[in-house]
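Colleague: Hi! Could you walk me through a few pieces of this fold?
Modeller: Happy to, let's look at it together.

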Amino acid sequence: MEEQDIGLLYPSRSGSCTGSTETIASRLPSRQPSPTELHVPIHHDGIESFQDPSSPLKSPSLSNVQDTHFGLRLVGQKTVTRSRTLPHLAKSDTALHLSSELAGFEFERDKALRMSQWVLAFAIVNFDLDVGPVVCGVHPPLYLAPAEKENIAFSCFPDSLQFEQGSEVHSFRIQDLGVSHKHIVLDHGINRPDSIDGYLYGYSHFSQRRDNTSKRGYQQQTSLVLLSHLQYPALFTILIMKLGPLFLTHGVPMLETACHNIANWYVPSPGLTTELGFLGSVLHVELPMNADIQQLTETASFHEKFDPTLHLLSSIAPLDPPPISIFEASLSHLWSIWECLILCEPILVFGSSPAATSQAVWWLRDLLRPIPLANDFRPYFTIHDKDHALLVNKLPPKSGLILGVTNPFFQKSCAHWPHVLSVGLKSSPRRQGDATIMAGPPPGWCTRTHRRYISKDRQLLAAIEKACHASVQHRIQASLDLRRHLSSRTNTMLVPLNRYLNTLIPSPTERTTVSDCRRLKPFSTADFFSSLKANGSPLPFKSATKRREFYERWLKTPAFGLWLAQQEEVVHRTLQDKWAG
């Protein structure tokens, strides 16, 4: 099978994310925010500006993803990019109109700097029938390397479509190349903030409608992409779901309003619970303490019972559609999938749409918390990604890699991967006759190597399977119950390790009599397994042998090394503070 390009359309298997007009975004309350909600004080000490903050930022239009961006130039570097290997085409009337609107879009520099603490910029991507997707504008002005622009352009468009016309929202994760381009002289635009984890996160609203005059029968519409350094999929998915349709209807003025709204938000501090005014509605949002701390509905700080139609835990996966719907064909295997995640096993997540794969990958990533992320994950990955050759090749896949794909090409190129999760409903038989046949593996879980160590909760499984046929509200609640159960297993898995680590903390006598004894003693594998044998584990392992095998494997994962280093740092800092006190 040859690589399938973005122009080839693959219909979905039945039952995946649908184009329903009723979404959580539409169900969120849309009351008019008060002046204090939309115009709150902002603190931005330490943010560097290149010119007078009062000077406005104008956003010129870009005709191609690889053109020099906003007057930025590379010092002493020549590159060959897609624009130099393909013909330059005349802009369409729509593109020219968009260029004119963006050129007149003024945004004060200090507001752009405040906005960048949440959202770096919005990218507008159009589909050219001869070239493919191209970034035609970025606002507020922000430098993007040519490789980043091309990555964004291809990642924001589906490469296999679940519908003939309509819209969808999905997210992606790409390498942040900003650090490698510090030598670029900035003539315009804001100083691009440093990346948090080395990646850019994009949240895309894509739409298309039928056009019989087009060579392909479709008018491939615009993708509007929210770019950020923050892992807030629930929050940013809601934002782009609200803004995308309004941008398509009203154009750049609606984008300008959204930018002003975001610039007026409080600084995103750890654990912040706040109300964010956005396009005439108010979002009740809680931020996590850090990227490795899980947000739980039971401990949310909204001062009232968590309601998924009113409240947003920013770091969790979107709840629309309910996650149990996309995992329906694999519900009975989720306990095995959880074990593979904890043991840093690579997983290929196959779906009929980027919306399905990105939601599934974010949901799986969330289950790893509070274990530090030791692997790469891509909510939606295409054959055009600059990391394609690095992540997809004939070598064994990287430890812990979670890859969300829709192109059937990956079924062949990743045939040697040990685990494949195909998301979707149980009943999705291949259709014959006039209807086209779906591409890719059928929904379900396929593993070549894993044998489950821990017993599943069959009572919970029965309740979840029953909820799959209930109302949307029941499916959302069942999804939250399932998330809580599997997340608690992650914390419970760490109980024997935390118990053993407590024995490694120096006693008060040791801290005063032994020089430099203000950190954990060395971790001993033999001593840990002695402790495990004596005290056991709260998890329902199938046998003592299975329990030992599981922890033996986990101690060899990169996640264990990161987790241990994190615990050592916490203990060292605590002992240092006590000593200083």
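Modeller: Let's start with strand E8 (residues 273-278) and strand E9 (residues 281-286), which pair in the antiparallel sense over 6 bridges. Bear in mind that this is a predicted model.

Colleague: Okay, and which residue stands opposite Thr 273 in E9?
Modeller: That's Glu 286.

Colleague: How many residues lie between E8 and E9?
Modeller: There are 2 residues between them, and the two strands form a hairpin. In the turn, Leu 279 has a positive phi of about 50°.

Colleague: How does E12 join E13, parallel or antiparallel?
Modeller: E12 and strand E13 (residues 402-405) run parallel, joined by 2 bridges. Phe 377 stands opposite Ile 402 in E13.

Colleague: Now the helices. At what angle do H13 and H14 pack?
Modeller: Helix H13 (residues 458-467) and helix H14 (residues 472-493) pack at about 155°, with their axes 9 Å apart. Angles over 145 degrees count as roughly antiparallel, and H13 and H14 are therefore roughly antiparallel to each other. H13 passes H14 in a left-handed crossing.

Colleague: Which residues meet there?
Modeller: From H13, Leu 460, Ile 464 and Ala 467 meet His 474, Arg 475, Ala 478, Leu 482 and His 485 in H14. By class, that contact has 5 nonpolar, 2 polar and 1 charged residues.

Key. Residues numbered from 1 in each chain as written. Predicted model: local features only at pLDDT ≥ 70, side-chain atom pairs only at ≥ 80, totals over all residues. Heavy atoms only, no water. Axes fitted to C-alpha atoms, helices over the stretch in contact; angles between N-to-C directions. Helix = DSSP H or I, 4+ residues; strand = E, 2+ residues; numbered from the N terminus. Parallel < 35°, antiparallel > 145°, perpendicular 65-115°, else oblique. Left-handed = near helix turned anticlockwise from the far one by under 90°. Contact = heavy atoms within 4.5 Å. Nonpolar A, V, L, I, M, F, W, Y, C, P; charged D, E, K, R; others polar. Pairing = 2+ DSSP bridges.
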